[in-house]
Amino acid sequence: MYIVGLTGGIASGKSTVAQRLVEHGAVHVDADALSREAVEPGSQGLAAVAAEFGATVLAPDGSLDRAALGAIVFADPDARGRLEGIIHPRVHARTAELIASAEAVDPAAVVVYDVPLLVEARRELQFDLIVVCEAPVETRINRLLTHRGMPRAEAERRISAQASDDERRAVADVVIDTSGSLQHTLDQVDALWADLSARAQDRARVS
């Protein structure tokens, strides 16, 4: 099995890259989706969040009020750390389960662990390869304005709150340039897949 860490800033084209890898046969593990799963209604994670931050972070239907929680944790690094202490262990445990399941099905599987905040989290990097999706800041701002209807000030704030391109490149084994055409991005991903699948097959034969 071969484990790939996939990361990139907001509007960097990471979803496009992940989708293409899945089309080739990769197993996609989405850290954002697992974070949402960890605080689903009725979950122990949601109960822990409510106990830590109070009932004001719950919506009337009992689900997590993400806006209310965000207002607390984005204004207070200590609060954000407490939230991460609740969410991250659950995400990591679920990730381990999914990776083990993928390996049981196919020892030569390529698992793409999609981690938007891989650099920011400063966690131990247990990956065989780290792939970073990258596009100029202005390109990413225009994507947020055009495709998400986000105000420019909000787009700039979100980008500036994340790791810089230099910080991501410092951990990257491969950089996918998503600033050009869609086909240009897909061509890079296709070449990456050819390399990844060969490495995974070689590892499976050796083991």
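**Close-up 1. F53 sits in helix α3.** Helices here are DSSP runs of H or I with at least four residues, strands are E runs of at least two, and both are numbered from the N terminus. This is a predicted model, where local features need pLDDT of at least 70, side-chain atom pairs count only at pLDDT 80 or more, and totals for chains, interfaces and linings use all residues. Residues are numbered from 1 along each chain as its sequence is written, and side-chain values use heavy atoms, with hydrogens and water left out. F53 counts as buried because its relative accessibility is 11%; buried means under 20% relative accessible area, exposed over 50%, and partly exposed in between (1.4 Å probe, protein chains only). Setting aside neighbours within four places in sequence, F53 is in contact with L69, I72, V73, A79, R82 and L83, a contact being heavy atoms within 4.5 Å. F53 and L69 are 16 residues apart in sequence, and their C-alpha atoms are 7.9 Å apart in space.

**Close-up 2. V49, F53 and L69 touch the most other members of the largest nonpolar core, which has 30 residues.** Such a core is a set of buried Ala, Val, Leu, Ile, Met, Phe, Trp, Tyr and Cys residues joined through side-chain atoms within 4.5 Å. Two or more residues each come from α2 (31–38), α3 (44–53), α4 (66–73), α5 (77–105), β3 (110–114), α6 (118–121) and β4 (129–134). Helix α5 gives the largest share, 7 residues. As for L69, leaving out residues up to four places away in sequence, it touches V49, F53, V57, L64 and L83. Another core lies apart from this one, with 18 residues that include V4, V112, I176 and L196.

**Close-up 3. Here α4 meets α5, with axes that come within 7 Å and cross at roughly 125°.** The axes are lines fitted to C-alpha atoms, for helices over the stretch in contact, and angles run from 0 to 180 degrees between N-to-C directions. The two helices, α4 and α5, are therefore oblique to each other; under 35 degrees counts as roughly parallel, over 145 as roughly antiparallel, 65 to 115 as roughly perpendicular, and the rest as oblique. On the α4 side we have L69, I72 and V73, and they meet P77, A79, R80 and L83 in α5. The residues of this contact split into 6 nonpolar, no polar and 1 charged. For that tally, Ala, Val, Leu, Ile, Met, Phe, Trp, Tyr, Cys and Pro are nonpolar, Asp, Glu, Lys and Arg are charged, and the others, Gly among them, are polar.

**Close-up 4. E52 and R82 pair up in a salt bridge, at 2.6 Å from N to O.** E52 belongs to helix α3 and R82 to helix α5, so the pair ties together parts 30 residues apart in sequence. Both ends are partly exposed, E52 with a relative accessible area of 37% and R82 at 30%. The structure holds 17 salt bridges, each a side-chain nitrogen of Lys or Arg within 4 Å of a carboxyl oxygen of Asp or Glu.

**Close-up 5. R203 and D128 join their side chains in a salt bridge, 2.9 Å from N to O.** R203 is in helix α10 (residues 182–206) and D128 in the loop between α6 and β4, so this pair links parts 75 residues apart in sequence. R203 is partly exposed at 34%, and D128 is partly exposed at 30%.
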